[in-house]
Amino acid sequence: MKGRTVLEVGADGVAIITITNPPLNLLSVDVMLSLKESVEEALPRENVKAIVVTGSGGKFSGGFDVSVFGGSDGRKENRKVGFMSIAFLTDVLEAASKPIVAAIGGPALGGGFEVALACHARISTSTAQLGLPELQFGLIPGLGGTQRLPRLVGLTKALEMMLVCCHLFCNCLFVLVI
């Protein structure tokens, strides 16, 4: 397994799930499955009152690891992608019976931002980078970000974040605490 998540439960009843796939904590299929399993492990525990999802090394997640789609190198992970919907993770986060908070530091881009949007709440550092940069390549975000973002920040701000930022200023990222 290239990347994974780590689940720790504190005495205060807060479960911390840390995405660990250095250097940018990219969301490979293994990481997404591990995150789903960690959430599902924490939810039924009586000593868990809330869940925080974060990334290791001060980086939430730089997005989906698109290398799993490339080439025909026969990697096991390439074969897994075609047999499941990637929305399985965001569905679990949204439907959770306990509050899930995304603690964002550094980049939360593409799929990483969409995972944060699927959590019940988000908190970020002032230096966090939020965005859907896949739009600059003509790709539609695959985890529901184009639906969730307007619900959270309004249509005007969401369109600005999705279209103006990514198409006119390709290196521009909005910093927004949501």
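This is a predicted model: local features need pLDDT of at least 70, side-chain atom pairs count only at pLDDT 80 or more; totals for chains, interfaces and linings use all residues.
Serine 34 itself is found in helix H1, which spans residues 29-42, and because its relative accessibility is 9%, under the 20% limit, serine 34 counts as buried.

Two packed helices are described by the angle between their axes and the distance between the axes. For H4 (residues 111-118) and H5 (residues 145-153), that angle is about 50°, and the axes lie 10 Å apart. An angle from 35 to 65 degrees falls between roughly parallel and roughly perpendicular, and H4 and H5 are therefore oblique to each other. Their crossing is left-handed.

On the H4 side, the contact is made by Phe113, Glu114, Leu117 and Ala118, while H5 contributes Gly145, Arg148, Leu149 and Leu152. Sorted by class, the residues in this contact comprise 5 nonpolar, 1 polar and 2 charged. The spacing along each helix can be read against a general rule: an α-helix has 3.6 residues a turn, so residues three or four places apart point the same way.

Within H5, the buried residues are Gly145, Arg148, Leu149 and Pro150; among them, Gly145, Arg148 and Leu149 also take part in the contact with H4. Following H5 comes glycine 154, which has a positive phi, near 90°.

Conventions:
Residues are numbered from 1 along each chain as its sequence is written. Side-chain values use heavy atoms; hydrogens and water are left out. Axes are lines fitted to C-alpha atoms, for helices over the stretch in contact, and angles run from 0 to 180 degrees between N-to-C directions. Helices (H or I, at least four residues) and strands (E, at least two) are DSSP runs, numbered from the N terminus. Angles under 35 degrees count as roughly parallel, over 145 as roughly antiparallel, 65 to 115 as roughly perpendicular and the rest as oblique. A crossing is left-handed if the near helix is turned anticlockwise from the far one by less than a right angle, and right-handed if clockwise. Contact means heavy atoms within 4.5 Å. Ala, Val, Leu, Ile, Met, Phe, Trp, Tyr, Cys and Pro count as nonpolar, Asp, Glu, Lys and Arg as charged, and the others, Gly among them, as polar. Buried means under 20% relative accessible area, exposed over 50%, partly exposed in between (1.4 Å probe, protein chains only).
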